[in-house]
Amino acid sequence: MESQCISINKRDGEITRRELIEMGALDKNLKIKQDGEHILIPVNKPVEGYGNIGYDDFEEVIKEETPQELLGTSPAYELVGDIAIIDRYESDLKNIAEALVKQKKIRTVLYADTPVSGEYRTRELSYLAGENKTETIYRENKCRYRLDVSKVYFTPRLATERLRIAGQVKNGETVVDMFAGIGPFSILIAKKLPDSHVIAIDKNPEAVRYLRENVELNKLENVEVREGDVRTASNGVRDADHVIMNLPHSGFEFLDVAFGLIKKGGIVHFYAISHEDDLFGETLLKINEIARRCNVSIVPIEKRAVRPYAPYQYNICIDFRVT
Ligand SMILES: C[S@@+](CC[C@H](N)C(=O)[O-])C[C@H]1O[C@@H](n2cnc3c(N)ncnc32)[C@H](O)[C@@H]1O
């Protein structure tokens with residue numbers, strides 16, 4: 001069936017499409033077409049000032065129903081690449097999985113049987129729908145990461161936080177990522193600041209295998225990967241400008257190591273979990289106590305509640321300068 005459209009030079013296509021959306025004139029049920037050097041944009045009402053009004057046959061846009069439309073509620077899930085991981089508090093798993101796997105961007109649906117736990121901060125996952133796999137490629141802030149969600153720690157919920165930290169690093173500086181995982185802090189920093197030197201450490205051999213792969217995937221030459229317990233794997237490292245400590249449940253145990261790695265005036269980015277009634281007070285007290293024992297003092301620069309972690313609990317970050 002023929003529909004009304006405007007024909008516009010290819011060069012002006014995107015700006016015109018936006019103008020038509022603002023005017024409420026773009027026919028969103030039909031697909032925009034290319035015709036040589038021109039773009040044919042379907043409209044649902046006559047629009048003045050665009051000339052070239054015509055008619056053409058357009059393909060219909062097949063609308064994908066969202067999980068919310070299919071289920072009537074919004075299920076809680078995390079999307080890592082093309083793998084959806086349903087939150088472990090959800091019930092009605094079969095229906096949620098069926099609704100999720102209908103989405104074009106989702107190939108696999110898993111369920112988190114356990115919370116993240118253990119030294120390597122991993123979780124038990126079980127298969128629910130789609131392709132039975134646990135490895136994927138995830139894109140964030142123009143970087144790519146290959147990872148196996150069942151073997152390593154990873155959350156997409158820190159994307160903004162990683163950008164914030166990368167924004168504090170300057171070219172030429174040395175950064176130690178003490179608990180690097182598959183490298184989302186290290187790789188972003190190394191990519192944004194090609195003249196920085198990033199030392200990325202992790203104890204989980206699987207995480208380190210992906211970390212190395214991701215360094216290559218992002219074509220980086222300024223990341224030094226070290227495998228092992230940070231206490232020994234950081235041997236020989238001194239005078240870092242930044243130390244990232246993303247091990248929120250037990251970071252305090254490694255503060256003495258961080259104080260040995262950082263240069264005078266350098267910044268430690270320390271993550272912790274705290275109660276909403278006292279977001280920073282107790283954590284700062286503990287940091288100060290350990291600093292005193294290590295004969296250094298600290299000056300807090302920024303304190304942030306990064307994201308809600310559990311009922312009444314927050315994942316927080318304190319950036320402090322070591323003097
Ligand atoms: C919360 S995850 C953070 C990973 C990464 N920074 C991210 O944002 O995805 C903590 C990481 O620390 C690693 N880890 C735990 N204890 C460690 C230790 N003593 N030395 C080195 N790495 C350790 C775990 O294997 C895990 O990959």
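1. Strands S16 and S17 form a hairpin with two residues between them, and Tyr312, in the turn, has a positive phi of about 70°. Strand S16 covers residues 298–310 and strand S17 covers residues 313–322; they pair in the antiparallel sense over ten bridges. Within this pairing, Ile298 stands opposite Val322 of S17. Strands (E, at least two residues) and helices (H or I, at least four residues) are DSSP runs, numbered from the N terminus, and two strands pair if DSSP finds at least two bridges between them.

2. The model is a predicted one, in which local features need pLDDT of at least 70, side-chain atom pairs count only at pLDDT 80 or more, and totals for chains, interfaces and linings use all residues. Residues are numbered from 1 along each chain as its sequence is written.

3. Two further residues deserve attention for their backbone angles. Most residues other than glycine have a negative phi. Asn295, however, has a positive phi of about 60° although it is not a glycine; this residue lies in the loop between H9 and S16. Asp92 likewise has a positive phi, near 55°, and is placed in the loop between strand S6 (83–86) and helix H3 (93–101).

4. Are these residues buried or exposed? Asp92 is exposed, with 12 other C-beta atoms within 10 Å, and Asn295 counts as exposed with 7 C-beta neighbours inside 10 Å. The terms rest on a count of other C-beta atoms, placed from the backbone, within 10 Å of the residue's own: 20 or more means buried, 12 or fewer exposed, and values in between partly exposed. Glu282, found in helix H9 (residues 281–293), is also exposed, with 12 other C-beta atoms within 10 Å.

5. The chain is divided into domain 1 (2–57), domain 2 (67–133) and domain 3 (156–322); these bounds come from an automatic or database domain assignment. The C-alpha centres of domain 2 and domain 3 lie 29 Å apart. Five residues of domain 2 are in contact with four residues of domain 3, where contact requires C-beta atoms, placed from the backbone, within 7 Å.

6. Which strands make up the open sheet, and in what order? Four strands form it in the order S2-S3-S1-S4, with antiparallel pairing. Strand S2 (33–35) and strand S4 (53–57) stand at the edges with a single partner strand each, so one side of each is left without a neighbour in the sheet. Strand S1 (residues 2–9) is joined to strand S3 (residues 38–42) by five bridges; the bridge partner of Ser7 in S3 is Leu40. Helix H1 (residues 13–23) packs on the sheet, touching S1 and S3, and its direction makes about 15° with that of S3. Axes are lines fitted to C-alpha atoms, for helices over the stretch in contact, and angles run from 0 to 180 degrees between N-to-C directions.

7. Around the ligand there are 20 residues, of which Phe179, Gly181, Lys203, Asn204 and Val230 come nearest; a residue is near a molecule or strand if its C-beta atom, placed from the backbone, lies within 6 Å of it. Helix H5 (184–192) and strand S12 (197–202) are the elements that give two or more residues to this shell. Domain 2 and domain 3 each supply at least three residues to the shell. By class, the shell has twelve nonpolar, three polar and five charged residues. Here Ala, Val, Leu, Ile, Met, Phe, Trp, Tyr, Cys and Pro count as nonpolar, Asp, Glu, Lys and Arg as charged, and the others, Gly among them, as polar.

How values were computed. Contact = placed C-beta atoms within 7 Å.
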